[in-house]
Amino acid sequence: MDIDYHKYPFPRVRHHTNSQIYIPHHELHVIPNGYPPLRPSIDWTECFTNGSAPQVLDIGCGWGKFLIDFAELNPQLNVLGIEARSSAVTWINGVIQGENITNAHALFYSVANKLPFIADQSVSHIFYFFPDPWFKKRHNKRRAFNPLFLQECHRVLQSTGTLYVMTDVPEVDQYQCELLDSTGLFTHTPVTNDSDWFTIKTDQELFSIEKGIPYVRRVCKKR
Ligand SMILES: C[S@@+](CC[C@H](N)C(=O)[O-])C[C@H]1O[C@@H](n2cnc3c(N)ncnc32)[C@H](O)[C@@H]1O
């Protein structure tokens with residue numbers, strides 16, 4: 001929480017390099033250089049000091065502030081950030097190592113390829129915060145939040161598990177609510193009181209607060 005981030009200079013390239021990293025592997029005729037590798041399984045001893053699987057997933061963790069803060073606040077939980085930009089993943093894991101945080105790890109992976117390395121009903125929290133909006137209809141297929149993704153979230157969550165979503169784009173919120181309703185896999189409730197949410201914030205959330213941009217938080221419970 002009180003990490004001196006000046007010790008960890010950001011890499012130069014911080015933008016998206018290739019939008020195809022958000023397309024499922026099996027839909028691509030040519031796999032572009034730098035496509036996040038498929039991960040049929042993962043040896044968790046390479047990610048967490050206790051060698052156990054994660055109970056918490058931060059999907060699209062960006063530069064990992066929430067991931068790291070949540071892990072520090074919850075040392076009993078293993079927290080896995082999943083991010084399709086390798087430069088961010090390398091940077092986050094540098095911070096995690098530098099700060100000796102034993103229960104956090106960032107994985108270079110695209111959730112467009114599902115979550116085969118996560119066991120059924122093993123996860124208590126999934127965070128999906130401030131996804132890339134992909135406004136244009138022809139870009140819809142790049143949105144990670146789709147029926148298959150929701151099925152995967154439903155599969156890996158424990159019966160009492162929760163999917164938490166946040167966005168500052170009303171169209172994205174509407175799209176996600178419609179999908180949550182049409183799949184019937186989750187109930188969803190907006191959160192208006194700060195006391196019903198987390199005390200820590202994501203990078204994008206801090207940006208929205210600084211710029212006065214409203215955003216929506218939702219708690220999605222597994223049906
Ligand atoms: C706007 S950023 C938000 C980052 C962070 N959650 C936050 O709130 O600050 C969205 C992130 O999701 C990642 N992302 C989008 N689609 C993804 C996918 N299919 N798999 C993994 N990460 C993805 C992007 O690379 C980007 O870093």
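Predicted model: local features only at pLDDT ≥ 70, side-chain atom pairs only at ≥ 80, totals over all residues.
Residues are numbered from 1 along each chain as its sequence is written.

User: Which helix gives the most residues to the shell around the ligand?
Analyst: Helices (H or I, at least four residues) and strands (E, at least two) are DSSP runs, numbered from the N terminus. β2 (79–83) and α5 (203–211) each supply at least two residues of the shell. The most, three residues, come from α5.

User: Of the residues around the ligand, which come nearest?
Analyst: A residue is near a molecule or strand if its C-beta atom, placed from the backbone, lies within 6 Å of it. There are 20 residues around the ligand. Those that come nearest are Gly 60, Gly 62, Ala 84, Thr 202 and Gln 204.

User: How do the residues of the shell around the ligand divide into nonpolar, polar and charged?
Analyst: Ala, Val, Leu, Ile, Met, Phe, Trp, Tyr, Cys and Pro count as nonpolar, Asp, Glu, Lys and Arg as charged, and the others, Gly among them, as polar. On that basis the shell has 10 nonpolar, five polar and five charged residues.

User: Is Val 95 buried or exposed?
Analyst: Val 95 is found in helix α2. A residue is buried if 20 or more other C-beta atoms lie within 10 Å of its own, exposed if 12 or fewer, and partly exposed in between, with C-beta atoms placed from the backbone. Because Val 95 has 20 other C-beta atoms within 10 Å, Val 95 is buried.

User: Leaving aside neighbours within four places in sequence, with which residues is Val 95 in contact?
Analyst: Two residues are in contact if their C-beta atoms, placed from the backbone, lie within 7 Å. Asn 140 is 45 residues from Val 95 in sequence and 33 Å away in space, C-alpha to C-alpha. The contacts of Val 95 are Ile 3, Tyr 8 and Ile 68.

User: Against which elements do the buried residues of α1 pack?
Analyst: In α1, the buried residues are Lys 65, Phe 66, Leu 67, Ile 68, Phe 70 and Ala 71. Among the residues that Leu 67 touches are Asp 58, Val 79, Ile 92 and Ala 104. The buried residues of α1 pack against β1, β2, α2, β3, β4 and α5.

User: Where do the buried residues of α4 lie around its axis?
Analyst: Val 172, Gln 176 and Leu 180 are the buried residues of α4. The arc, taken from the directions from the helix axis to the C-beta atoms, is only 70° for these residues, so they lie on the same side of α4.

User: Which exposed residues does the face of α4 turned away from its buried side carry?
Analyst: The buried residues of α4 are covered by elements including β5, β6 (186–190) and β7. The face turned away carries Pro 170, Glu 171, Gln 174, Glu 178, Asp 181 and Ser 182.

User: How far apart are the end C-alpha atoms of α4?
Analyst: The expected span of a helix is 1.5 Å times one less than its number of residues. For the 14 residues of α4 this should be 20 Å, which agrees with the end C-alpha atoms, 20 Å apart.

User: Is Phe 130 buried or exposed?
Analyst: Phe 130 is in the loop between β4 and α3. Its phi is positive, about 50°, although Phe 130 is not a glycine. With 21 C-beta neighbours inside 10 Å, Phe 130 counts as buried.

User: What is the distance in space between Asn 193 and Arg 217?
Analyst: Asn 193 lies in the loop between β6 and α5. With 7 C-beta neighbours inside 10 Å, Asn 193 counts as exposed. Asn 193 and Arg 217 are 24 residues apart in sequence, and their C-alpha to C-alpha distance is 9.8 Å.
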